Amino acid sequence: MTRLADLPDTVDVLIIGAGTAGLVAAKTAAGFGATTLLVEAHRMGGDCLWTGCVPSKSLIHAAELAQSARDGGHLGVHVDGVRVDFAAVMGHVHDAMSTIAPVDSVESIEQSGALVVMGRARFTGPRSAEIDGRPIAFRQAIITTGSAPSVPDAPGIDGVAVLTSDDVWDLTTLPERLVVIGGGAIGCELGQAFARLGSHVALVQRGPRLLPKEDESASRLVTAALEDDGVDVRLGTQVVRVEAGEDGESGILHLDDGTALPFDRLLAALGRAPRTDDALGLAAAGVDTDERGHVVVDGTLRTSNPRIRAAGDVSGLPQFTHTAGVNGSVAATNAVLGLRRTVSEVVPRVTFTHPEVAAVGLQPSEAEANGCSVQTVDHHHVDRAIADDRTTGFTSLVIDAKGRVRGALIVGPRAGESLGEASLAVTRGLKTSAIASATHAYPTYSDAFWNAAVADVRGRLRTGAVGAAVRVLARLRSLVVR
């Protein structure tokens, strides 16, 4: 780790925040030979490593094992007396974080050629900053400070130690009654996982359905799955007030429909807010933010100060680790090389419930308005799903008039893995004929994606000018070969 006293007076690139966007930006900039300084106030790795992707997927996997053990009887596998050792589950969660942490460590980043300082950075001007009071000038800067979970503002909630995705990983005892506020991806993932591990979970969603950013067809299947796992799903309800218990953790959640939900712990999953408070000094740097506090960027990730860029959650672009990483690379490349690379508009996303929901590009509900058609394969017709007895789900392709894949929605096991081919197809404008002509391994869940493409190609061969040409060729062939 570099000492403040050993820093040069000026660096080529100053990067503030060592989450995914910052780490990738630092490695990219240093790889181009730029004098690069990465500053982190808390811990290397950011939300993905410590509070997001890694711990949540570790917990979800343990929960899936518990549920699979309970459900194995109808396949002839009987596991009696399934017992969850929650402290051991959380031990696994922390082991996963610790195993991955060295990849994001100070030593790893400095091996790439970047300088790393642990401290708080603050802009003092359009081309200057200070780190714990130590002034430094920069030629270019990248803001990658990320985001923090939001907490509801309800009467009485200050009397309860509300859990968020930041600190739920500190639990060592499984809450007997857990109430989750928020029905987006984080709320659904954690709510289902805790239910499968043995908590009595209630999930409160203000809107009319879960996963409001996803297609309604996917939302319905996820809602049914959570209810099958014992989650008490409350839709179209809002928190009126919180009645805190004497221990400061338990209490009663009062809803606007007149009902009350007692809880031992309360978990808020209401989205995230950008880390752009006054301590960052954005005003001094001439960096504009929007009404929600996100740093305003153009398509090249440049801010209102042409020497400063932003990437990751702080930028207001889709809040995923993969976009943070890709955009961190784009921001650093543009900063060092003076290019104007733009961010991709094709952003895949996965909600890791059971079934998983994976989506990219245009969705089925958007097809008609964009002059597209939809090909859907129900997973009851997918041999691997039948073999695994996991047929709940479907794969839909959104296809334009030229046969190009414009979007996909996959609901089912391993949907995230199947989405890779769909993302490539949408990004590169591939036609269903290209997908259908590629040999796919059998039996896999991605058969559904392939079969949807094959169905579209066959449909095109039967209709329109292509269909007429095919019929003529077939007729001529029959006359010649006798």
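**Entry 1**

I started with D132, which sits in the loop between β5 (128-131) and β6 (134-143). Helices (H or I, at least four residues) and strands (E, at least two) are DSSP runs, numbered from the N terminus. The phi of D132 is near 50°, a positive value in a residue other than glycine. For context, most residues other than glycine have a negative phi, and most peptide bonds are trans.

A note on ground rules: this is a predicted model, in which local features need pLDDT of at least 70 and side-chain atom pairs count only at pLDDT 80 or more, while totals for chains, interfaces and linings use all residues. Residues are numbered from 1 along each chain as its sequence is written, and side-chain values use heavy atoms, with hydrogens and water left out.

**Entry 2: cis peptides**

P355 belongs to the loop between β17 and β18. I also found a cis bond from Y442 to P443, where omega is near -5°. P443 lies in the loop between α12 (432-437) and α13 (447-462).

**Entry 3: the five-stranded sheet**

In what order do the strands of the open sheet of five run? I read β17-β18-β21-β20-β19, with antiparallel pairing; two strands pair if DSSP finds at least two bridges between them. The edge strands are β17 (349-351) and β19 (373-378), and each pairs on one side only. On average, neighbouring strands here are turned by 10° against each other, direction ignored. For such angles, axes are lines fitted to C-alpha atoms (for helices over the stretch in contact), and the values run from 0 to 180 degrees between N-to-C directions.

I then zoomed in on β18 (residues 356-361) and β21 (residues 405-412), which run antiparallel and are joined by six bridges. E356 stands opposite G412 of β21. Helix α11 (residues 415-428) lies across β17, β18 and β21, and runs at about 5° to β18. Contact, here and below, means heavy atoms within 4.5 Å.

**Entry 4: the three-stranded sheet**

This open sheet has the order β11-β12-β13, again with antiparallel pairing. β11 (239-244) and β13 (260-263) stand at the edges with a single partner strand each, so one side of each has no neighbour in the sheet. Its neighbouring strands are turned by 20° on average, direction ignored. I traced five bridges between β11 and β12 (residues 251-255), antiparallel in sense. The bridge partner of A244 in β12 is G251.

**Entry 5: helix α3 and its partners**

How do α3 and α4 pack? Helix α3 (residues 53-71) and helix α4 (residues 86-100) meet at an angle of about 140°, with axes 9 Å apart. They are therefore oblique to each other (angles under 35 degrees count as roughly parallel, over 145 as roughly antiparallel, 65 to 115 as roughly perpendicular and the rest as oblique). The crossing is right-handed; that is the name when the near helix is turned clockwise from the far one by less than a right angle, and left-handed when anticlockwise. The residues in contact include V54, P55 and L59 of α3 and V89, M90 and I100 of α4. The classes are Ala, Val, Leu, Ile, Met, Phe, Trp, Tyr, Cys and Pro as nonpolar, Asp, Glu, Lys and Arg as charged, and the others, Gly among them, as polar.

α3 also packs with helix α6 (residues 185-197), at about 40° and with axes 8 Å apart. That makes α3 oblique to α6. This crossing is left-handed. Among the residues in contact are K57, E64 and R70 of α3 and E189 and R196 of α6. The class count for this pair is nine nonpolar, two polar and five charged residues.

**Entry 6: α1 against α9**

My last stop was helix α1 (residues 20-31) and helix α9 (residues 321-337), whose axes come within 7 Å and cross at roughly 35°. α1 passes α9 in a right-handed crossing. Their contact has seven nonpolar, seven polar and no charged residues.
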